[in-house]
Amino acid sequence: MNKNISLKLLLFFSILVSFTVHSKERVWLDYDLAMGKKLADVDDGLALISALTSNEIEIAGLSFGFGNINDLQFMERETIKILHKVGRSELPSDRGAEDKYQLGISTDATEAIASALRKGPLKILALGRMTNIASTIILHPELKANIQEVVVNFGRRLEYEVGVG
């Protein structure tokens with residue numbers, strides 16, 4: 001396992017443990033799943049599997065968007081496979097931003113996150129680009145108070161652009 005992935009997994013498990021110190025907390029996972037693509041990172045997939053099989057957190061929802069790869073159909077298909085394999089196929093996963101130009105645009109992901117926030121306080125674990133989370137806040141600023149915490153876990157490859165969106 002390469003060093004970068006090992007560090008990401010260590011960070012994720014540390015985050016997961018920090019969530020479990022108190023009673024079961026509502027957590028939203030937003031990611032850019034690339035597990036299964038040749039030469040792609042597996043960290044989001046392993047984090048997703050770990051969270052879905054944890055008895056310590058309540059998964060309020062899942063969303064995905066562009067990032068490691070820009071193939072949202074692939075992410076959706078792989079998410080469904082993972083949900084089925086871990087026995088959590090009742091959970092929906094919502095498609096988000098297809099690119100950085102969709103910042104502030106309503107998607108299934110932004111509306112699902114907003115719906116979960118309307119139900120009460122929520123911690124957000126952002127494993128990829130923050131476009132879905134930022135767009136939810138832009139579109140529904142009145143719900144900001146229900147975001148307890150946003151935990152960001154991401155990396156950057158040399159060939160990736162760093163910027164807004």
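The model is predicted, so local features need pLDDT of at least 70, side-chain atom pairs count only at pLDDT 80 or more, and totals for chains, interfaces and linings use all residues. Residues are numbered from 1 along each chain as its sequence is written, and side-chain values use heavy atoms, without hydrogens or water.

Confidence was examined by element. The pLDDT is the predictor's confidence in each residue, from 0 to 100. The protein averages 85. A score of at least 70 is reached by 78% of the residues. Helices (H or I, at least four residues) and strands (E, at least two) are DSSP runs, numbered from the N terminus. Among the elements, helix α4 (residues 108-118) has the highest mean pLDDT, 98. The lowest, 56, belongs to helix α1 (residues 3-20). Where pLDDT is low, the predicted coordinates should not be read in detail.

Burial was assigned from relative accessible area: buried is under 20%, exposed is over 50%, and partly exposed lies in between (1.4 Å probe, protein chains only). Helix α2 (residues 43-52) is largely enclosed by the rest of the structure, because 8 of its 10 residues are buried. The buried residues of α2 are D43, D44, G45, A47, L48, S50, A51 and L52. L72 lies in helix α3 (residues 72-85). L72 is also buried, with a relative accessible area of 4%.

The whole structure holds 5 salt bridges. A salt bridge here is a side-chain nitrogen of Lys or Arg within 4 Å of a carboxyl oxygen of Asp or Glu. One of them pairs E76 with R95, with the closest N and O atoms 2.8 Å apart. E76 lies in helix α3 and R95 in strand β3, so the pair ties together parts that are 19 residues apart in sequence. Both residues are partly exposed, E76 at 28% and R95 at 24%. Another salt bridge joins E90 to R88, at 3.0 Å between the closest N and O atoms. E90 is exposed at 53%, whereas R88 is partly exposed at 21%.

K123 forms a salt bridge with E149, the closest N and O atoms being 3.2 Å apart. K123 lies in strand β4 (residues 122-126) and E149 in strand β5 (residues 147-152), so this pair links parts 26 residues apart in sequence. K123 is buried at 11%, while E149 is partly exposed at 35%. Through shared partners, salt bridges join E25, K123 and E149 into one network.

L103 sits in the loop between β3 (93-95) and α4. At 31% relative accessibility, L103 counts as partly exposed.

The search found 2 cavities of 30 Å³ or more. A cavity is a set of points, on a 1 Å grid over the protein atoms alone, where a 1.4 Å probe fits but cannot get out; lining residues have an atom within 4 Å of a point. The largest cavity holds about 50 Å³ of space. Its lining includes D30, Y31, D32, G65 and F66. Elements β1 (25-31) and α5 (131-139) each give two or more residues to this lining.

Key:
1 Å grid on protein atoms, 1.4 Å probe; cavity = no way out; pocket = protein on both sides within 12 Å on 5 of 7 lines; lining within 4 Å. Points joined across faces, edges and corners; volume = space filled by probe spheres on them.
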